[in-house]
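Visitor: I would like to go through this model and hear the grounds for each label. Please set each value beside its criterion.

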Amino acid sequence: MAGRNFLFVPGPTNVPERVQRAMVVSMEDHRSSKFPDLTRAVLVDLKKIFKTETGTPVIFPSTGTGGWEAALTNTLSPGDLVLASRFGQFSHLWIDMVKRLGFKVEVVDCEWGEGVPTEKYADILKKDKEHKIKAVLATHNETATGVSSDIAAVRKAMDSAKHPALLMVDSVSGLGSIDFRMDEWGVDCCVAGSQKGLMLPAGLGIVCMSSKALKARETSKQPRCFFDMGDMIRANETGYFPYTPCLPLLYGLRESLTMLMEEGLENVFARHTYLAASVRAAVLEGWKMKLCAKHPKWYSDTVSAIVVPEGINGAHVIDVAFRRYNLSLGAGLSKVAGKVFRIGHLGDLNELMVLGAIAGSEMAMLDVGIKIEPGSGVAAAQRYMRSNDPTPKKKVARSEVVYASQSTGSNEGATV
Ligand SMILES: *Cc1c(COP(=O)(O)O)cnc(C)c1O
């Protein structure tokens, strides 16, 4: 098929060409005296992405799922009780893992389309006078339903109950795209992966640990080996890894972190909010359809789950979009299978890419018999884009910096 595939699943996301090129490397000795430069650079910049001064990022050759396991097994002991809420396939899978690893879990089931039930969390934590609950789980961005939750409010609920449990957050589809504040929100373990906001292929499970979480590790009795953070952190301190790291992914991460810094994290977030709002304009104002997210406060700026009308199978829309228009949309998972299709709008994206996805979705929906006004979604998104500013605090682009330094005869930037 001529032209390129439009990849609009909420992970893996588009890998920028700069990052792709950075990953084309010859293999090298990961025990060389030069190698620590790479390790250290990546770990220092990851802390900025997590917005932490005191946290410790740990990178496993794994995925987000491995990150979940690392967070749980490094801090808890067999039989420990965990508080969690389920409102989508990813929050469900983390709960399932908690059980399969032999921990106990108190689950608050919510409607799919809602977010973390902070008031219920506060009630449950207040009643837990003996502090049996050792960890509170929160899915920052539920990718299955397009729902973002207020992590600061979860922290508040825990503080109002004066509860000492660890706060564990899954921000696999949030980190690097929407605001995340490890230190300010008092998050103890934050789980991320490489293939979403960090714009890389899958293959890295990244967990940032607070000093409180690392302290819990010292008394944790859960068996673990591959995912043991002690080995990892000890090796990282000298700039190395306890086992062979995935070099291309680390070089790619080095580059994607550089790109996020160049754009400026706040600008990255603003761009995601703006592009997400344009998608929502297409869905709500243009197509006059509904989102799976039940309330605007839960709208995710990285993924939208769009509810298809009764009698239509969302999987049909996705199949036509892919086969006829080379557009990859996200499927409805589990409880919402067939009921929604998802547009992932995170990572390396701009206006015209998003308009392409909206145009393709629109055609696929018309093809399967959904009665929308042709062109209405594209028009609504265009209207939104033309009357809003994506990056209010735009920084000087690196290309402009290079040009300026060259014109003054300075050597700075010459190697850029
Ligand atoms: C993608 C995703 C995961 C799972 O990550 P993998 O890298 O596929 O293991 C977990 N949680 C959320 C919210 C996700 O979006």
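Visitor: How many salt bridges does a search of the whole structure find?

Guide: The search finds 21 salt bridges. Keep in mind that this is a predicted model.

Visitor: What makes the contact between Lys 294 and Glu 111 a salt bridge?

Guide: The criterion is a side-chain nitrogen of Lys or Arg within 4 Å of a carboxyl oxygen of Asp or Glu. For Lys 294 and Glu 111 the N to O distance is 3.4 Å, so the pair qualifies under the 4 Å limit.

Visitor: Which parts does the pair of Lys 294 and Glu 111 tie together?

Guide: Lys 294 sits in the loop between strand 11 (290–291) and strand 12 (303–307), while Glu 111 sits in the loop between strand 4 and helix 5 (118–127), so the pair links parts that are 183 residues apart in sequence.

Visitor: Why is Lys 294 called partly exposed?

Guide: Buried means under 20% relative accessible area and exposed means over 50%. Lys 294 has 46%, so it is partly exposed.

Visitor: How far apart are Asp 159 and Arg 155 in helix 6?

Guide: Asp 159 and Arg 155 are four residues apart in helix 6, which means a separation of about one helical turn. Their side chains meet in a salt bridge at 3.0 Å, N to O.

Visitor: Is Arg 155 buried or exposed?

Guide: Arg 155 has 12% relative accessibility, and the cut-off for buried is under 20%, so Arg 155 counts as buried.

Visitor: What is the N to O distance in the salt bridge of Asp 228 and Arg 224?

Guide: The distance is 2.4 Å. Asp 228 is at 10% relative accessibility and therefore counts as buried, whereas Arg 224 is at 23% and counts as partly exposed. Elsewhere, salt bridges that share partners join Lys 51, Asp 179, Arg 181, Glu 184 and Glu 266 into one network.

Visitor: Why do strand 2 and strand 4 count as edges of the sheet?

Guide: The open sheet has seven strands in the order 2-10-9-8-5-3-4, with mixed pairing. Strand 2 (56–61) and strand 4 each have a single partner strand, so one side of each has no neighbour in the sheet. From one strand to the next, the twist averages 20°.

Visitor: How do you know that strand 5 and strand 8 pair?

Guide: Pairing requires at least two bridges. Strand 5 and strand 8 are joined by five, so they pair, and they run parallel. Within strand 8, Asp 170 stands opposite Thr 139. Helix 6 (residues 151–160) packs on the sheet, touching strand 5 and strand 8, and its direction makes about 165° with that of strand 8.

Visitor: How does the span of helix 4 agree with the value it should have?

Guide: At 1.5 Å a residue, the twelve residues of helix 4 (residues 89–100) should span 16 Å, and the end C-alpha atoms are 16 Å apart, so the two agree. Helix 4 is followed by Gly 102, whose phi is positive, near 95°.

Visitor: Which residues of helix 4 are buried, and what do they pack against?

Guide: The buried residues are Gln 89, Ser 91, Trp 94, Ile 95, Met 97 and Val 98. Their packing partners include helix 3 (64–73), strand 3 (81–86) and strand 6 (141–142). Helix 4 lies across strand 3, strand 4, strand 5 and strand 8, running at about 155° to strand 3.

Methods: Residues numbered from 1 in each chain as written. Predicted model: local features only at pLDDT ≥ 70, side-chain atom pairs only at ≥ 80, totals over all residues. Heavy atoms only, no water. Helix = DSSP H or I, 4+ residues; strand = E, 2+ residues; numbered from the N terminus. Expected span 1.5 Å × (residues − 1). Buried < 20%, exposed > 50% of the residue type's maximum accessible area, 1.4 Å probe, protein only. Contact = heavy atoms within 4.5 Å. Axes fitted to C-alpha atoms, helices over the stretch in contact; angles between N-to-C directions.
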